Amino acid sequence: MVQDHPPLDVLWFIPSSGDGSYLGSDDLARPADPGYFREIAVAADRLGYSGVLIPVGAACEESFVLAADLAARTEKLNFLVAIRPGTATPAYYARLASTLDRVSNGRLLLNIVVGGSAEELAGDGIFLPHDERYDHASEFFQVFNELIETGQSTLDGRYIKAIDARLGLPPVQRPRPPIYFGGSSDAAIAFAGGFVDKYLTWGEPPDQVAEKIAHARKVAAARGREASFGIRLHLIVRETDDEAWEAADRLISKLSDETIAAAQERLTKNSDSVGQARMLALHNGRRDQLEVSPNLWAGIGLVRSGAGTALVGSPKTVGARLREYQALGIDTLIASGYPHLEEAYRVSELLFPELGLPGSRGRLRSSFGERQVFGGGGHGGNVKLP
Ligand SMILES: Cc1cc2nc3c(=O)[nH]c(=O)nc-3n(C[C@H](O)[C@H](O)[C@H](O)COP(=O)(O)O)c2cc1C
(Lines give C-alpha, C1' and ligand atoms only; values in the text may rest on other atoms or scores of the structure.)
Protein backbone atom coordinates (compact mmCIF):
# COMPACT_ATOMS: atom_id res chain seq x y z
CA MET A 1 0.00 0.00 0.00
CA VAL A 2 1.40 3.40 -1.03
CA GLN A 3 -0.11 6.24 0.97
CA ASP A 4 1.11 9.75 0.13
CA HIS A 5 -1.90 11.57 1.54
CA PRO A 6 -3.89 11.35 4.74
CA PRO A 7 -6.57 8.65 4.31
CA LEU A 8 -9.68 9.71 2.43
CA ASP A 9 -12.72 10.64 4.47
CA VAL A 10 -15.21 8.04 3.17
CA LEU A 11 -18.97 8.47 3.41
CA TRP A 12 -21.63 6.06 2.18
CA PHE A 13 -25.07 6.77 0.68
CA ILE A 14 -28.65 6.15 1.82
CA PRO A 15 -30.67 5.22 -1.31
CA SER A 16 -33.75 6.97 0.00
CA SER A 17 -35.84 6.42 -3.12
CA GLY A 18 -35.18 2.65 -3.26
CA ASP A 19 -32.42 0.19 -4.10
CA GLY A 20 -31.77 -2.90 -6.19
CA SER A 21 -29.34 -5.37 -7.75
CA TYR A 22 -30.08 -4.74 -11.45
CA LEU A 23 -30.38 -1.29 -12.99
CA GLY A 24 -33.50 -0.79 -15.08
CA SER A 25 -35.23 -3.94 -13.82
CA ASP A 26 -37.70 -4.85 -11.10
CA ASP A 27 -35.89 -8.14 -10.43
CA LEU A 28 -34.56 -8.06 -6.86
CA ALA A 29 -35.60 -4.41 -6.52
CA ARG A 30 -35.92 -3.04 -2.97
CA PRO A 31 -38.58 -0.37 -2.54
CA ALA A 32 -38.02 2.65 -0.28
CA ASP A 33 -38.26 1.16 3.22
CA PRO A 34 -37.32 2.99 6.43
CA GLY A 35 -36.33 -0.31 8.10
CA TYR A 36 -33.85 -1.01 5.31
CA PHE A 37 -32.37 2.49 5.54
CA ARG A 38 -31.77 1.85 9.25
CA GLU A 39 -29.92 -1.36 8.39
CA ILE A 40 -27.66 0.53 5.97
CA ALA A 41 -27.00 3.35 8.45
CA VAL A 42 -26.21 0.96 11.31
CA ALA A 43 -23.91 -1.04 9.01
CA ALA A 44 -22.14 2.12 7.76
CA ASP A 45 -21.65 3.26 11.36
CA ARG A 46 -20.08 -0.07 12.40
CA LEU A 47 -18.06 -0.54 9.22
CA GLY A 48 -16.10 2.67 9.70
CA TYR A 49 -17.68 5.12 7.26
CA SER A 50 -17.57 8.64 8.64
CA GLY A 51 -21.03 9.54 7.40
CA VAL A 52 -23.82 9.03 4.89
CA LEU A 53 -25.23 11.31 2.20
CA ILE A 54 -29.01 11.63 2.18
CA PRO A 55 -30.31 13.07 -1.11
CA VAL A 56 -33.28 15.33 -1.73
CA GLY A 57 -35.89 14.95 -4.45
CA ALA A 58 -39.55 14.34 -5.12
CA ALA A 59 -38.89 10.58 -5.29
CA CYS A 60 -36.91 10.47 -2.00
CA GLU A 61 -37.88 10.26 1.65
CA GLU A 62 -37.64 13.74 3.21
CA SER A 63 -33.97 14.17 4.13
CA PHE A 64 -34.17 15.84 7.59
CA VAL A 65 -36.85 13.49 8.92
CA LEU A 66 -34.95 10.45 7.68
CA ALA A 67 -31.65 11.74 9.13
CA ALA A 68 -33.28 12.30 12.54
CA ASP A 69 -34.53 8.71 12.55
CA LEU A 70 -31.12 7.32 11.53
CA ALA A 71 -29.21 9.53 13.97
CA ALA A 72 -31.18 8.05 16.85
CA ARG A 73 -30.03 4.56 15.85
CA THR A 74 -26.33 5.21 15.22
CA GLU A 75 -23.37 6.26 17.36
CA LYS A 76 -20.72 8.11 15.39
CA LEU A 77 -22.09 8.39 11.87
CA ASN A 78 -22.39 11.90 10.41
CA PHE A 79 -25.34 12.87 8.21
CA LEU A 80 -24.79 14.88 5.05
CA VAL A 81 -28.32 16.17 4.65
CA ALA A 82 -29.55 17.97 1.55
CA ILE A 83 -31.10 21.44 1.78
CA ARG A 84 -32.89 22.70 -1.30
CA PRO A 85 -33.17 26.50 -0.86
CA GLY A 86 -36.65 27.75 -1.64
CA THR A 87 -38.57 24.69 -0.44
CA ALA A 88 -38.80 26.47 2.93
CA THR A 89 -37.56 29.75 4.37
CA PRO A 90 -34.00 30.14 5.71
CA ALA A 91 -35.39 30.66 9.23
CA TYR A 92 -37.30 27.39 9.11
CA TYR A 93 -34.30 25.51 7.68
CA ALA A 94 -32.09 27.06 10.40
CA ARG A 95 -34.38 25.59 13.07
CA LEU A 96 -34.44 22.20 11.32
CA ALA A 97 -30.65 22.17 10.99
CA SER A 98 -29.97 23.37 14.51
CA THR A 99 -32.34 20.86 16.08
CA LEU A 100 -30.93 18.01 13.97
CA ASP A 101 -27.40 18.98 15.04
CA ARG A 102 -28.58 19.07 18.67
CA VAL A 103 -30.45 15.74 18.69
CA SER A 104 -27.55 14.03 16.87
CA ASN A 105 -24.97 15.65 19.17
CA GLY A 106 -23.12 17.51 16.43
CA ARG A 107 -23.34 14.99 13.59
CA LEU A 108 -24.94 17.20 10.92
CA LEU A 109 -23.25 18.15 7.64
CA LEU A 110 -25.23 20.23 5.13
CA ASN A 111 -25.36 19.62 1.38
CA ILE A 112 -26.71 22.56 -0.60
CA VAL A 113 -28.76 21.24 -3.51
CA VAL A 114 -29.90 24.04 -5.77
CA GLY A 115 -31.47 21.58 -8.22
CA GLY A 116 -31.14 21.02 -11.94
CA SER A 117 -34.62 20.10 -13.15
CA ALA A 118 -36.93 23.05 -13.85
CA GLU A 119 -39.85 20.60 -13.87
CA GLU A 120 -39.12 19.17 -10.42
CA LEU A 121 -38.32 22.62 -9.00
CA ALA A 122 -41.66 23.95 -10.32
CA GLY A 123 -43.34 21.22 -8.28
CA ASP A 124 -41.54 22.61 -5.22
CA GLY A 125 -42.73 26.15 -6.05
CA ILE A 126 -39.38 27.35 -7.44
CA PHE A 127 -39.60 29.03 -10.85
CA LEU A 128 -36.20 30.69 -11.26
CA PRO A 129 -34.02 30.22 -14.34
CA HIS A 130 -30.74 28.32 -13.88
CA ASP A 131 -28.28 31.10 -12.95
CA GLU A 132 -30.78 33.04 -10.83
CA ARG A 133 -31.23 29.97 -8.60
CA TYR A 134 -27.69 30.64 -7.38
CA ASP A 135 -28.45 34.35 -6.71
CA HIS A 136 -31.42 33.16 -4.69
CA ALA A 137 -29.26 30.59 -2.89
CA SER A 138 -26.73 33.32 -1.99
CA GLU A 139 -29.40 35.39 -0.26
CA PHE A 140 -30.84 32.25 1.33
CA PHE A 141 -27.48 31.23 2.85
CA GLN A 142 -26.66 34.77 3.91
CA VAL A 143 -29.68 34.60 6.23
CA PHE A 144 -29.34 30.92 7.10
CA ASN A 145 -25.67 31.20 8.09
CA GLU A 146 -26.16 34.40 10.07
CA LEU A 147 -29.02 32.83 12.01
CA ILE A 148 -27.07 29.64 12.72
CA GLU A 149 -23.97 31.59 13.75
CA THR A 150 -25.49 34.51 15.70
CA GLY A 151 -29.16 33.68 16.32
CA GLN A 152 -30.41 36.70 14.43
CA SER A 153 -30.72 37.98 10.86
CA THR A 154 -32.48 40.57 8.73
CA LEU A 155 -32.45 40.80 4.96
CA ASP A 156 -34.67 42.74 2.61
CA GLY A 157 -33.30 41.08 -0.49
CA ARG A 158 -34.41 40.53 -4.03
CA TYR A 159 -35.51 36.94 -3.31
CA ILE A 160 -35.41 36.57 0.46
CA LYS A 161 -37.16 38.80 2.99
CA ALA A 162 -36.55 38.02 6.65
CA ILE A 163 -37.30 40.72 9.20
CA ASP A 164 -35.55 40.24 12.55
CA ALA A 165 -35.50 36.46 12.14
CA ARG A 166 -34.43 34.67 15.34
CA LEU A 167 -32.99 31.30 16.23
CA GLY A 168 -33.20 30.59 19.95
CA LEU A 169 -31.26 27.34 20.16
CA PRO A 170 -27.83 27.15 18.47
CA PRO A 171 -26.42 24.01 16.86
CA VAL A 172 -23.80 21.98 18.72
CA GLN A 173 -21.12 22.63 16.06
CA ARG A 174 -19.69 26.15 16.15
CA PRO A 175 -19.72 28.40 14.28
CA ARG A 176 -21.98 26.10 12.22
CA PRO A 177 -22.17 22.62 10.69
CA PRO A 178 -19.88 22.28 7.62
CA ILE A 179 -21.41 23.14 4.24
CA TYR A 180 -20.94 20.86 1.22
CA PHE A 181 -22.14 21.62 -2.29
CA GLY A 182 -22.06 20.24 -5.83
CA GLY A 183 -22.72 22.07 -9.09
CA SER A 184 -20.64 22.36 -12.25
CA SER A 185 -21.87 25.52 -13.99
CA ASP A 186 -19.94 28.79 -13.78
CA ALA A 187 -22.78 30.19 -11.65
CA ALA A 188 -22.49 27.21 -9.29
CA ILE A 189 -18.74 27.58 -8.91
CA ALA A 190 -19.07 31.34 -8.31
CA PHE A 191 -21.66 30.60 -5.59
CA ALA A 192 -19.42 27.92 -4.07
CA GLY A 193 -16.58 30.43 -3.76
CA GLY A 194 -18.64 32.46 -1.29
CA PHE A 195 -20.30 29.85 0.88
CA VAL A 196 -18.94 26.36 0.60
CA ASP A 197 -16.51 24.44 2.82
CA LYS A 198 -16.38 21.28 0.70
CA TYR A 199 -16.91 21.46 -3.05
CA LEU A 200 -18.22 18.15 -4.46
CA THR A 201 -17.80 16.88 -8.00
CA TRP A 202 -19.42 13.95 -9.73
CA GLY A 203 -17.02 11.13 -10.63
CA GLU A 204 -15.62 12.55 -13.85
CA PRO A 205 -12.27 11.46 -15.36
CA PRO A 206 -9.27 12.89 -13.46
CA ASP A 207 -8.39 15.52 -16.10
CA GLN A 208 -11.93 16.96 -15.95
CA VAL A 209 -11.92 16.90 -12.15
CA ALA A 210 -8.55 18.70 -12.16
CA GLU A 211 -9.97 21.44 -14.36
CA LYS A 212 -12.98 21.95 -12.06
CA ILE A 213 -10.87 22.00 -8.91
CA ALA A 214 -8.55 24.61 -10.43
CA HIS A 215 -11.55 26.78 -11.34
CA ALA A 216 -13.22 26.40 -7.92
CA ARG A 217 -9.92 27.12 -6.10
CA LYS A 218 -9.36 30.29 -8.12
CA VAL A 219 -12.89 31.61 -7.51
CA ALA A 220 -12.72 30.86 -3.76
CA ALA A 221 -9.26 32.47 -3.45
CA ALA A 222 -10.55 35.65 -5.13
CA ARG A 223 -13.03 35.89 -2.23
CA GLY A 224 -10.37 35.17 0.36
CA ARG A 225 -11.67 31.69 1.00
CA GLU A 226 -10.22 28.22 0.71
CA ALA A 227 -12.34 25.20 -0.19
CA SER A 228 -11.56 21.53 0.12
CA PHE A 229 -12.80 18.93 -2.35
CA GLY A 230 -14.81 15.72 -2.47
CA ILE A 231 -15.94 13.29 -5.17
CA ARG A 232 -19.18 11.33 -5.54
CA LEU A 233 -18.62 7.89 -7.07
CA HIS A 234 -20.10 4.43 -7.13
CA LEU A 235 -17.66 1.61 -6.41
CA ILE A 236 -17.65 -1.93 -7.76
CA VAL A 237 -14.85 -3.62 -5.84
CA ARG A 238 -14.20 -7.37 -5.91
CA GLU A 239 -11.20 -9.54 -5.02
CA THR A 240 -9.97 -9.46 -8.63
CA ASP A 241 -10.33 -7.02 -11.53
CA ASP A 242 -12.12 -9.68 -13.61
CA GLU A 243 -14.71 -10.33 -10.91
CA ALA A 244 -15.33 -6.58 -10.57
CA TRP A 245 -15.93 -6.15 -14.32
CA GLU A 246 -18.28 -9.17 -14.25
CA ALA A 247 -20.23 -7.47 -11.44
CA ALA A 248 -20.41 -4.25 -13.50
CA ASP A 249 -21.76 -6.17 -16.51
CA ARG A 250 -24.26 -7.99 -14.28
CA LEU A 251 -25.58 -4.68 -12.91
CA ILE A 252 -26.76 -3.64 -16.41
CA SER A 253 -27.50 -7.17 -17.70
CA LYS A 254 -31.28 -6.69 -17.45
CA LEU A 255 -31.25 -3.16 -18.84
CA SER A 256 -32.98 -2.97 -22.22
CA ASP A 257 -32.06 -0.55 -25.00
CA GLU A 258 -35.61 0.90 -24.77
CA THR A 259 -35.14 1.63 -21.06
CA ILE A 260 -31.81 3.34 -21.80
CA ALA A 261 -33.37 5.44 -24.58
CA ALA A 262 -36.31 6.47 -22.36
CA ALA A 263 -33.99 7.38 -19.46
CA GLN A 264 -31.62 9.36 -21.71
CA GLU A 265 -34.54 11.30 -23.16
CA ARG A 266 -35.86 12.06 -19.67
CA LEU A 267 -32.42 13.08 -18.38
CA THR A 268 -31.79 15.37 -21.35
CA LYS A 269 -35.23 16.97 -21.47
CA ASN A 270 -35.82 17.44 -17.76
CA SER A 271 -32.48 18.91 -16.82
CA ASP A 272 -30.75 22.24 -17.28
CA SER A 273 -27.85 21.11 -15.08
CA VAL A 274 -24.37 21.55 -16.52
CA GLY A 275 -23.16 18.80 -14.17
CA GLN A 276 -25.78 16.39 -15.54
CA ALA A 277 -24.87 17.29 -19.14
CA ARG A 278 -21.19 16.56 -18.38
CA MET A 279 -22.16 13.13 -17.01
CA LEU A 280 -24.28 12.31 -20.09
CA ALA A 281 -21.53 13.42 -22.46
CA LEU A 282 -19.24 10.74 -21.00
CA HIS A 283 -21.17 7.94 -22.75
CA ASN A 284 -23.85 9.55 -24.97
CA GLY A 285 -26.23 6.71 -24.18
CA ARG A 286 -23.94 4.09 -25.81
CA ARG A 287 -23.38 0.88 -23.89
CA ASP A 288 -20.32 -0.14 -25.92
CA GLN A 289 -17.99 2.64 -24.71
CA LEU A 290 -18.53 2.73 -21.00
CA GLU A 291 -14.96 2.68 -19.65
CA VAL A 292 -14.49 6.44 -20.02
CA SER A 293 -11.07 6.53 -18.41
CA PRO A 294 -9.09 3.66 -16.88
CA ASN A 295 -11.39 1.73 -14.50
CA LEU A 296 -13.99 4.54 -14.57
CA TRP A 297 -17.24 3.02 -15.87
CA ALA A 298 -20.20 5.13 -16.94
CA GLY A 299 -22.78 2.29 -17.06
CA ILE A 300 -24.83 3.61 -14.15
CA GLY A 301 -25.41 6.93 -15.92
CA LEU A 302 -27.20 5.10 -18.74
CA VAL A 303 -30.29 5.31 -16.54
CA ARG A 304 -29.51 7.09 -13.27
CA SER A 305 -29.45 10.86 -12.96
CA GLY A 306 -26.60 12.47 -11.04
CA ALA A 307 -23.86 10.09 -9.93
CA GLY A 308 -23.42 7.98 -13.06
CA THR A 309 -19.91 6.54 -12.84
CA ALA A 310 -18.23 3.79 -10.83
CA LEU A 311 -14.64 2.86 -10.20
CA VAL A 312 -14.38 -0.84 -11.05
CA GLY A 313 -11.63 -3.21 -10.01
CA SER A 314 -9.76 -5.05 -7.31
CA PRO A 315 -8.94 -3.20 -4.08
CA LYS A 316 -5.44 -2.52 -5.41
CA THR A 317 -6.73 -1.10 -8.69
CA VAL A 318 -9.46 1.05 -7.16
CA GLY A 319 -7.09 2.23 -4.42
CA ALA A 320 -4.59 3.37 -7.08
CA ARG A 321 -7.30 5.24 -9.01
CA LEU A 322 -8.50 6.96 -5.85
CA ARG A 323 -4.94 8.07 -5.10
CA GLU A 324 -4.90 9.77 -8.52
CA TYR A 325 -7.88 11.85 -7.40
CA GLN A 326 -6.25 12.52 -4.03
CA ALA A 327 -3.20 13.88 -5.85
CA LEU A 328 -5.54 16.45 -7.46
CA GLY A 329 -6.76 17.64 -4.05
CA ILE A 330 -9.72 15.34 -3.34
CA ASP A 331 -9.87 14.50 0.39
CA THR A 332 -13.42 13.12 0.65
CA LEU A 333 -15.18 10.25 -1.13
CA ILE A 334 -18.96 9.84 -1.08
CA ALA A 335 -19.35 6.27 -2.26
CA SER A 336 -22.18 3.89 -3.01
CA GLY A 337 -22.91 0.59 -4.73
CA TYR A 338 -25.88 -1.62 -5.58
CA PRO A 339 -27.33 -2.97 -3.40
CA HIS A 340 -26.18 -0.53 -0.74
CA LEU A 341 -26.20 -2.81 2.28
CA GLU A 342 -24.07 -5.60 0.80
CA GLU A 343 -21.77 -3.21 -1.02
CA ALA A 344 -21.17 -1.20 2.17
CA TYR A 345 -19.65 -4.41 3.57
CA ARG A 346 -17.64 -5.19 0.42
CA VAL A 347 -16.11 -1.72 0.22
CA SER A 348 -15.24 -1.66 3.90
CA GLU A 349 -13.83 -5.20 4.00
CA LEU A 350 -11.96 -5.15 0.69
CA LEU A 351 -11.03 -1.51 0.04
CA PHE A 352 -10.62 0.17 3.44
CA PRO A 353 -7.36 -1.68 4.25
CA GLU A 354 -5.98 -0.51 0.88
CA LEU A 355 -6.95 3.08 1.75
CA GLY A 356 -5.36 2.90 5.20
CA LEU A 357 -8.75 3.04 6.92
CA PRO A 358 -9.40 0.88 9.98
CA GLY A 359 -12.93 -0.23 9.06
CA SER A 360 -14.69 -2.14 11.80
CA ARG A 361 -11.54 -3.99 12.87
CA GLY A 362 -9.87 -3.20 16.13
CA ARG A 363 -12.96 -2.25 18.08
CA LEU A 364 -13.65 -5.68 19.60
CA ARG A 365 -11.03 -8.38 19.97
CA SER A 366 -12.02 -11.78 18.56
CA SER A 367 -9.74 -13.79 20.82
CA PHE A 368 -7.43 -13.57 23.83
CA GLY A 369 -4.53 -13.57 21.40
CA GLU A 370 -4.28 -17.19 20.22
CA ARG A 371 -3.78 -17.71 16.54
CA GLN A 372 -7.03 -18.84 14.97
CA VAL A 373 -8.81 -19.00 11.65
CA PHE A 374 -12.47 -18.60 10.82
CA GLY A 375 -14.68 -21.63 10.22
CA GLY A 376 -14.98 -25.12 11.56
CA GLY A 377 -14.60 -24.42 15.26
CA GLY A 378 -17.32 -25.17 17.81
CA HIS A 379 -20.72 -24.29 16.34
CA GLY A 380 -19.01 -22.83 13.25
CA GLY A 381 -16.68 -20.54 15.19
CA ASN A 382 -12.93 -20.19 14.97
CA VAL A 383 -10.36 -22.97 14.89
CA LYS A 384 -7.50 -22.45 17.34
CA LEU A 385 -4.10 -23.12 15.86
CA PRO A 386 -1.13 -24.37 17.82
C1 LIG B 1 -22.46 15.26 -4.74
C2 LIG B 1 -23.70 15.85 -5.32
C3 LIG B 1 -24.92 15.58 -4.72
C4 LIG B 1 -26.11 16.08 -5.26
N5 LIG B 1 -27.29 15.77 -4.66
C6 LIG B 1 -28.44 16.14 -5.24
C7 LIG B 1 -29.70 15.77 -4.66
O8 LIG B 1 -29.75 15.11 -3.62
N9 LIG B 1 -30.82 16.15 -5.29
C10 LIG B 1 -30.80 16.90 -6.44
O11 LIG B 1 -31.87 17.22 -6.97
N12 LIG B 1 -29.63 17.31 -6.98
C13 LIG B 1 -28.46 16.94 -6.42
N14 LIG B 1 -27.28 17.33 -6.97
C15 LIG B 1 -27.30 18.19 -8.18
C16 LIG B 1 -26.90 19.63 -7.89
O17 LIG B 1 -27.47 20.07 -6.74
C18 LIG B 1 -27.34 20.66 -8.92
O19 LIG B 1 -28.72 20.66 -8.93
C20 LIG B 1 -26.93 20.39 -10.30
O21 LIG B 1 -25.61 19.98 -10.35
C22 LIG B 1 -27.17 21.63 -11.14
O23 LIG B 1 -26.16 22.47 -11.12
P24 LIG B 1 -25.20 22.88 -12.31
O25 LIG B 1 -25.98 23.23 -13.55
O26 LIG B 1 -24.55 24.07 -11.72
O27 LIG B 1 -24.25 21.75 -12.55
C28 LIG B 1 -26.07 16.88 -6.43
C29 LIG B 1 -24.83 17.18 -7.01
C30 LIG B 1 -23.66 16.67 -6.49
C31 LIG B 1 -22.35 16.99 -7.17
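Tutor: Let us begin with Arg225, which counts as partly exposed at 23% relative accessibility. Buried means under 20% relative accessible area, exposed over 50%, and partly exposed in between, with a 1.4 Å probe and protein chains only. Please note that this is a predicted model, in which local features need pLDDT of at least 70 and side-chain atom pairs count only at pLDDT 80 or more, while totals for chains, interfaces and linings use all residues. Residues are numbered from 1 along each chain as its sequence is written, and side-chain values use heavy atoms, with hydrogens and water left out.

Student: With which residue does Arg225 form a salt bridge?

Tutor: The general idea is that side chains of opposite charge can pair when their charged atoms come close. A salt bridge is a side-chain nitrogen of Lys or Arg within 4 Å of a carboxyl oxygen of Asp or Glu. Here the partner of Arg225 is Asp197, with the closest N and O atoms 3.8 Å apart. The two lie 28 residues apart and link distant parts of the chain: Asp197 is in the loop between helix H6 (186-195) and strand E8 (198-202), and Arg225 is in the loop between helix H7 (206-222) and strand E9 (228-237). Helices (H or I, at least four residues) and strands (E, at least two) are DSSP runs, numbered from the N terminus. Asp197 is partly exposed too, at 25% relative accessibility. Both residues belong to a network of salt bridges that also links Glu149 and Arg176.

Student: How many salt bridges are there by this rule?

Tutor: The count comes to 25. One of them joins Arg84 and Asp124, whose closest N and O atoms are 2.9 Å apart. This pair, too, links distant parts of the chain, 40 residues apart: Arg84 sits in the loop between strand E3 (78-83) and H3, and Asp124 in the loop between helix H4 (118-123) and H5.

Student: How many aromatic pairs does the structure hold?

Tutor: Rings of Phe, Tyr and Trp (its six-membered ring) pair if their centres lie within 6.5 Å; planes under 30 degrees apart count as stacked, over 60 as edge-to-face and the rest as tilted. The structure holds 14 such pairs. Tyr93 belongs to helix H3 (residues 90-103) and Phe140 to helix H5 (residues 130-150), so that the pair links parts of the chain 47 residues apart. Tyr93 is buried at 7% relative accessibility, and Phe140 is buried at 0%.

Student: Why is the pair of Phe140 and Phe144 stacked?

Tutor: The ring centres of Phe140 and Phe144 are 6.3 Å apart and their planes stand at 15°, so the pair is stacked. Being four residues apart in helix H5, the two are separated by about one helical turn. Phe144 is buried, with a relative accessible area of 1%.

Student: Which residues do the ring pairs link into a cluster?

Tutor: Phe140 and Phe144 are among them, together with Phe64, Tyr93, Tyr134, Phe141, Phe181, Phe191 and Phe195.
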